[in-house]
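The two exercises below are meant to be worked with the sequence and the 3D view side by side. Try each task before reading its solution.

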Amino acid sequence: MILDKKMTTVAYRCPACGMTVKSVMGAFVLGGDLVRLKCPCGESEMTVEHKRDGKMRLTVPCFLCPKPHIFTVSENIFYSKDIFSLPCSYTGVDIGFLGEAEQVEKAIEESDLLLAEMLGENDFSDLSCGKKESVFDDPQILDIILYVIGDLAEEKKIYCGCEPGEGRYEVSVTDSSVIVTCKECGKSVEIPAGSTLAANAFLHTDELTLS
């Protein structure tokens, strides 16, 4: 199986705990379903939807507003190597980033300094709660798993409690696993994603059964 080399780094700051949630995403096809990037604290998530018209719809939590903000960008922008900021529509402060990993990391650091300035603090440790970032260490891991899930969904080889072909699936990304859930019957399966070995093993999966 040849993997699509298009990939981008996405990041947002959790409004609940202050952690920067960051992951690499590659080209995936899930028939319009969602990929969810969840904070380990369980209080927030960023969703990415690959629309049928080729656009990417992102719902990003905002640490300044009570509700998340929705952005729609083209695939060219989503997979661009340039940095693309996602600002709060009310304050103009950046709440998320897309782009090449190093540029996203730099943008996060600049955002930390700006927010520390706004808060009148010397550093950002209070808001970030001193917690480390959540990130897949190997960019290939998430790409492989999402590619295989998309392939299985397209071939109708994901089985749940619904009649064959009737299930509608969504994907949730945590810091160490990928969870596939049927939105119709509620059955799900958790796929370990903590290592390249686990991802490569999943590459040879012929079908996926939710329980």
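Strands (E, at least two residues) and helices (H or I, at least four residues) are DSSP runs, numbered from the N terminus, and two strands pair if DSSP finds at least two bridges between them. The model is predicted, so local features need pLDDT of at least 70, side-chain atom pairs count only at pLDDT 80 or more, and totals for chains, interfaces and linings use all residues. Residues are numbered from 1 along each chain as its sequence is written, and side-chain values use heavy atoms, with hydrogens and water left out.

**Exercise 1.** Determine the strand order of the open sheet of 7 strands, and state which strands stand at its edges.

*Solution.* Step one: the order reads β6-β5-β4-β3-β10-β11-β12, and the pairing is mixed. Step two: β6 (69-73) and β12 (188-192) each have a single partner strand, so one side of each is left without a neighbour in the sheet. Step three: at the β12 end, β11 (residues 177-182) pairs with β12 in the antiparallel sense over 5 bridges, and Thr181 has Ser188 in β12 as its bridge partner.

**Exercise 2.** Work out which residues line the largest cavity, and which strand gives the most to this lining.

*Solution.* Step one: a cavity is a set of points on a 1 Å grid over the protein atoms alone where a 1.4 Å probe fits but cannot get out, and lining residues have an atom within 4 Å of a point. Step two: the lining consists of Ala11, Tyr12, Arg13, Thr20, Phe63, Asp94, Ile95, Gly96, Phe97, Ile108 and Ser111. Step three: β1 (7-13), β8 (94-99) and α2 (101-119) each supply at least two of the lining residues, and β8 gives the most, with 4 residues.

Conventions
On a 1 Å grid over the protein atoms alone, a cavity is a set of points where a 1.4 Å probe fits but cannot get out, and a pocket is an open set with protein on both sides within 12 Å along at least five of seven lines; lining residues have an atom within 4 Å of a point.
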